[in-house]
Amino acid sequence: MDGDPAVFEQVLDACADAMMVVDYAGLILRANPAVLTVLGYSPEALRGRQVDTLLPERLRQRHAALRQRYADHPVSRALGSHDPLVALHADGNEVAIDLSLSPLKIRGVAHVLVAIRAADVGQRSNRAMRQAHYYAQLASLARLAVDLTDPQELLQRAPAIAAHAIGCDAALVYLLEPNQQKLQAVSAHGLTVGRIVGESLPCTPETGIGYVVARRDVVVISNWADERRFVTPPIALREGFKSGLGVPLFDKGKVVGVLSAGSKRPGYFAHDEILFLQAVASILATSMQRAQVEAQLRQAHKMESVGQLTGGIAHDFNNLLTVINGNLQMAQEHLQECCDQHGLEFLQSATDASRRAAELTGKLLAFSRRQHLMPKAVNLHQMLPSLVELLRRTLGEKIDIAFAVDAGLSPCLADEVQLESALLNIAINARDAMPQGGKLQITCSSFDGALADLALANTDPTECAPVSWVKICVTDTGYGMDSEVLERAFEPFFTTKEVGRGTGLGLSSVYGFVKQSQGSVELESAPGKGTTVTILLPTVERAATPATAPSTRSERLPKGLHVLLVEDDALVRAVSERFLESLGCTVSAHACAESAWTELTDGTPFDLVMTDVELGTGMNGTELANRARELHPGLPVLLNSGYSNFLSEERRAEAANLPLLIKPFGKKELAAAMAAAMHGDE
Ligand code: ADP
Ligand code: MG
C-alpha cells in the first residue's frame, strides 16, 4: 500500500474537513469533496485556481504577503491554534474558517496541505454573550451596592453573585483583622465541606490569600498541582479545586481583604473572569469604605448630640445643687448656733449625698467636654509608678499589674488629675471584667502618624489633629465585650452592670476628657479575649495650649462690698444673695442682664459684678461683664456657670480671661473666687 497514490487520493477524499494541496505560488493543485460543504465549490472548480480568490478582495494583498512569509519558514499549524479567518464562499458570502497548514513535499517540491473547517463561530458569539452577561451582573451588583444600606448584606451576597456570574465552584471574601495579623473569611459561596465563614488564616505569604495581600495584585492559580509560590490551602485540597484566583480589596491604597474564587477545572480563570472579579472587588471595597465613613460620622454626630444633652442636664443639675448645697450650708450654720447635734447629723448625710451628686454631674460635664481642665506637661515616667501603686491597693491582690513606659517618651499635654482619674476608671472596669483575677498591663509609647491610620472608631473624620502623640494602652485579660457592647461602651449611662454597681459614666467621661484634650480613645475587645483601651494624647511640643484655669489662691475679702448680682434662676439667686450677705456684702440682685445694666449706668457704684454666664434670652453674662468693664475699667467681675467650660468658642473668647466660679459652689469657694477677682488674679 505504501507509495500507492490511490491511497493518498482515498484518504484525501474520505476526510471530513475540506482539504487542498497548494503550491507556494498559491495555486490549488487538488481539493477534496468536503470543500463543497465548507466553501461551496466542487473540487474540480478549485483545481488550478489561485487560493487568493477564496478570500474577500480586501484581504488578498495581505494574504499574498503572509503566504510569502510562510514559504520562507514553513511550519505546521494545527486547527484552531489561531483566530478564525474570513473566506469567501462560492455564494459570495463571507464565512469564518479555521485552518491547519502542513508543509509537504511532492516529488521533491514544497507544497502545503491546507485543511479548512467552518470556524466555531458559536465560540466567538459565546464570548460576546458571556461578556454581556458579566456586564449585566456587574451593573446589578453596583445597583445593589447603592441600594443596600448595610454593607454586610452586600458582603454576604457578593460570593454567590460572583460565583454564579462566572460559573465557578466557589467564591469567598476574606477581610484583614484590625491587627493586620489574620484574615478572616466573612462570607462564602459554594463550599460544601467545613464551616469556612468565621475561620481565620494567618496573613503570611505562605497562605495563598496572604500572598495576594503581600503582592497587592491579582494572583491567578492555573493549577494547584503546579503551584510553588505558596502552600496549597487545605480547603483547596478538601474541595478538590484545580484552579483559583485572588483579588485584593483596597481601601485608600491599603489592602483590607481579598476576594477569592475557585474552580474544580484547571485553568478556569481567564482574562474576562479576572476582569469581572476585579470589578466585583472594587464595588465591594467601595461600598465597605462608604459604610465605614458613614458609621464614623453617625457615631461622631451621636456622641456630639448626646454630649449637648448631657451638658444641658449637668448645667441644670448644677443649679439645683447650688441651691441644695447653699441651703444645707446655711441650715448647718443655723443648727450649729442652736447646738442641735441630731439635726447636724441628718444634714451631714444630706451634704455627703449632694457631694456625690456633684461628682456625677462632674462626669456628665466631662463627657460633654465642658469639664474644667488644667492641662500641663505630664511626665508619664513620673506619674505611672505612683498611679500603679494606687491601682495595686485599689484593685486588690488578684490582679497582677505590669507597666512599661518607653525610654525617652515625651511628656503629654493633659490635666494630670483627670488623666489619673481616667486611667483609674479604665482599671476599675478591667477589675470588674476579671472577677477571678487576671492581668492588667499599661504601656506608654510614642506614636507618630495620622489618626486616620489608626482607624479609630470614634474619630470624627473631619477633625484635623496634631500628628505627634503619646499612646497609652491599658490591656486586661477579662471577659471582653461583644460587638454590641463595644459599640455603645462610650455612651453615657450605658452599663451592663447590675443596678448600684455601674453608672455607665466611666468610659463616657474618659471619652469626653480625651476628646477635650485633643486626643483620641479606642477600644479593642472580643468576648473572652480581654480588652485594650488605647488613649492618644498630644505631646507637649505639638499641642495647642488650651486656656488655663483661674487660680484659686485664697485672698482676704474686704468687708462691706457692694455687689451687683445677676442670676436668672430665682433659687440660685436667693442662695447667692444669702451667701454674699453672710460675707458682709450689700447685694443688688437682678434676674436679667438688662436691668443690671440699667442700674450700672444709673451711676450706682459697685465693687464687684457677679454674673451667671447663660442668662436665657437677651444679653448674656459675658456681654454684661465686658460692657461693665468698658464703662468702669478695672471693675472686678466674677462669672459663674453650671458649665465648667463654656458652650461655644465664641462665648469663651468673649469671656477672655475673666475669672470663673463653677457651680455648685459653697460659701468658701465663693469667698475665695471673689477675693481672687478683686485682686485681679486670673
Ligand atoms: P460602668 O463601669 O459603670 O458600667 P463604663 O462607662 O465604665 O460604665 O463602662 C460601660 C460598659 O462597658 C460596662 O458596663 C461594660 O459592659 C463595658 N466595659 C467597659 N470596660 C470593660 C472591660 N475592660 N472589659 C469588659 N467590658 C468592659
Ligand atoms: Mg466603669
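How many residues lie between S3 and S4 in their hairpin, and which glycine in the turn has a positive phi? In this predicted model, five residues lie between the two strands. The turn holds glycine 92, with a positive phi of about 95°. Strand S3 covers residues 85–88 and strand S4 residues 94–106. The two run antiparallel and are joined by four bridges. Within this pairing, valine 86 faces alanine 96 of S4.

S4 also pairs with strand S5, residues 109–118. The sense is again antiparallel, and the pairing extends over 10 bridges. Serine 100 is set opposite alanine 115 of S5. S4 and S5 form a hairpin with two residues between the strands. Here arginine 107 adopts a positive phi, near 50°.

Helix H7 spans residues 208–215 and is mostly covered. Six of its eight residues are buried. These are Gly208, Ile209, Gly210, Tyr211, Val212 and Val213. Their cover includes strands S6 (170–176), S7 (182–189) and S8 (200–202). It also includes strands S9 (219–221), S10 (243–251) and S11 (254–263). Arginine 216 follows H7 and has a positive phi, near 55°.

The largest nonpolar core has 45 residues. Leu380, Leu419, Leu423, Leu440, Ile472 and Ile535 touch the most other members. Helix H11, residues 380–395, supplies the largest share of this core, with seven residues. A separate core of 36 residues lies apart from it, with Ala145, Ile161, Leu249 and Tyr268 among its members. Residues up to four places away in sequence are not counted here. Isoleucine 472 then touches Leu380, Leu419, Leu423, Ile442, Thr443 and Cys444, as well as Val533, Thr534, Ile535 and Leu537.

The next region is the ligand site. The shell around ligand 1 consists of 20 residues. The closest are Asn429, Asp476, Thr495, Thr496 and Lys497. For threonine 495, a side-chain N or O atom is 2.5 Å from an oxygen atom of ligand 1. For threonine 496, a polar side-chain atom is 2.4 Å from a ligand 1 oxygen atom. Glycine 506 contributes through its backbone, where an N or O atom lies 3.3 Å from an oxygen atom of ligand 1. Ligand 1 taken alone exposes 530 Å², of which the protein buries 94%. H12 gives the most, with three residues.

Helix H15 runs from residue 506 to residue 516 and is mostly covered. Of its 11 residues, 11 are buried. Glycine 506, whose backbone approaches ligand 1, is one of these buried residues. Others include Leu507, Tyr511, Phe513 and Lys515. The buried residues of H15 pack against helices H9 (271–338), H10 (341–367) and H12 (416–433). They also pack against strands S14 (412–414), S17 (520–525) and S18 (531–538). Just after H15, glutamine 518 has a positive phi of about 65°.

Threonine 322 belongs to helix H9. Is threonine 322 buried or exposed? Its relative accessible area is 0%, so threonine 322 is buried. Neighbours within four places in sequence are left aside in what follows. On that basis, threonine 322 is in contact with Val572, Val575, Lys663, Pro664 and Phe665. Threonine 322 and alanine 574 are separated by 252 residues in sequence. Their C-alpha atoms are 10 Å apart in space.

Histidine 590 is found in strand S20, residues 586–590. Histidine 590 counts as buried because its relative accessible area is 11%, with the cut-off set at under 20%. The side chain of histidine 590 makes a polar contact of 2.7 Å with the side chain of serine 595.

Methods: Residues numbered from 1 in each chain as written. Chains lettered and ligands numbered in written order. Predicted model: local features only at pLDDT ≥ 70, side-chain atom pairs only at ≥ 80, totals over all residues. Heavy atoms only, no water. Buried < 20%, exposed > 50% of the residue type's maximum accessible area, 1.4 Å probe, protein only. Contact = heavy atoms within 4.5 Å. Pairing = 2+ DSSP bridges. Polar contact = N/O pair within 3.5 Å; in protein donor to acceptor, adjacent residues only side chain to side chain. Core = buried A, V, L, I, M, F, W, Y, C linked by side-chain atoms within 4.5 Å. Near = heavy atom within 4 Å. Areas by Shrake-Rupley, 256 points an atom, 1.4 Å probe, with all protein chains shown as cover.
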